[in-house]
Amino acid sequence: MAAFLWALLGIAAGACIAIQAPINALLGRGLGMPVAAACVSFFSGALVLALVVFATAAFEGRAPDWRGPDAWLYFAGGALGTVYVTTAIFLTPRIGAAAVMAFAVSGQLMAGILLDRIGFLGMAVREISLGRIAGAMLLVVGALLIRLY
């Protein structure tokens, strides 16, 4: 049952990303600059997350250890997210939300397979198998079909 709930949560998160792309694209058109829309998106998300952090800290009676992580970790995730959000804002009006999502998921899967293989940042190593390669290639073919047909 827990696996089913985790899957639903993942699907809901993916749906949010798909819905976010056309919203941010419309914002980018309204602002006249896709990168400005990405900035607004990250700023509003940061505000919402700050509220969640403070509410969670108050509820749990503890605060984050802001001195714990290495400094580069504070910027790396946001910088990578900037590439995704800005690219999605730029591409969505040009190739459609479904194609953007299909290509993004294809890229995520291919990068995930590589990160698993090398045990990136201490993750468990998972070997590259024929099944994983075939699954990734099928996803790429599916993305191409979504875009071209």
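**Rings, charges and a helix crossing**

Start with the rings: the count of aromatic pairs comes to zero. The rule takes rings of Phe, Tyr and Trp (its six-membered ring) with centres within 6.5 Å, calling planes under 30 degrees apart stacked, over 60 edge-to-face and the rest tilted.

Quick caveats. This is a predicted model, where local features need pLDDT of at least 70 and side-chain atom pairs count only at pLDDT 80 or more, while totals for chains, interfaces and linings use all residues. Residues are numbered from 1 along each chain as its sequence is written, and side-chain values use heavy atoms, with hydrogens and water left out.

Arg94 sits over Phe90, 3.9 Å from the ring centre. The test is NZ of Lys or CZ of Arg within 6 Å of the ring centre and within 35 degrees of the ring normal.

Now salt bridges. How many does the structure hold? Three. The criterion is a side-chain nitrogen of Lys or Arg within 4 Å of a carboxyl oxygen of Asp or Glu. Side chains of opposite charge can pair when their charged atoms come close.

Take Glu60 and Arg62. Their closest N and O atoms are 2.9 Å apart. Glu60 is partly exposed, at 43% relative accessible area. Arg62 is exposed, at 57%. For these words, buried is under 20% relative accessible area, exposed is over 50%, and partly exposed lies in between (1.4 Å probe, protein chains only).

Next, Arg132 with Asp116, at 3.2 Å between the closest N and O atoms. This pair links distant parts of the chain: Arg132 is in helix 5 (residues 130-148), Asp116 in helix 4 (residues 97-118), 16 residues apart. Helices here are DSSP runs (H or I, at least four residues), numbered from the N terminus. Asp116 is buried, at 16%. Arg132 is partly exposed, at 27%.

Then Arg117 and Glu127, with closest N and O atoms 3.5 Å apart. Arg117 lies in helix 4 and Glu127 in the loop between helix 4 and helix 5, so the pair ties together parts 10 residues apart in sequence. Arg117 is partly exposed, at 36%. Glu127 is exposed, at 51%.

Last, the helix pair. The axes of helix 1 (residues 2-31) and helix 2 (residues 34-60) come within 7 Å and cross at roughly 125 degrees. Axes are lines fitted to C-alpha atoms over the stretch in contact, with angles from 0 to 180 degrees between N-to-C directions.

Methods. Helix = DSSP H or I, 4+ residues; strand = E, 2+ residues; numbered from the N terminus.
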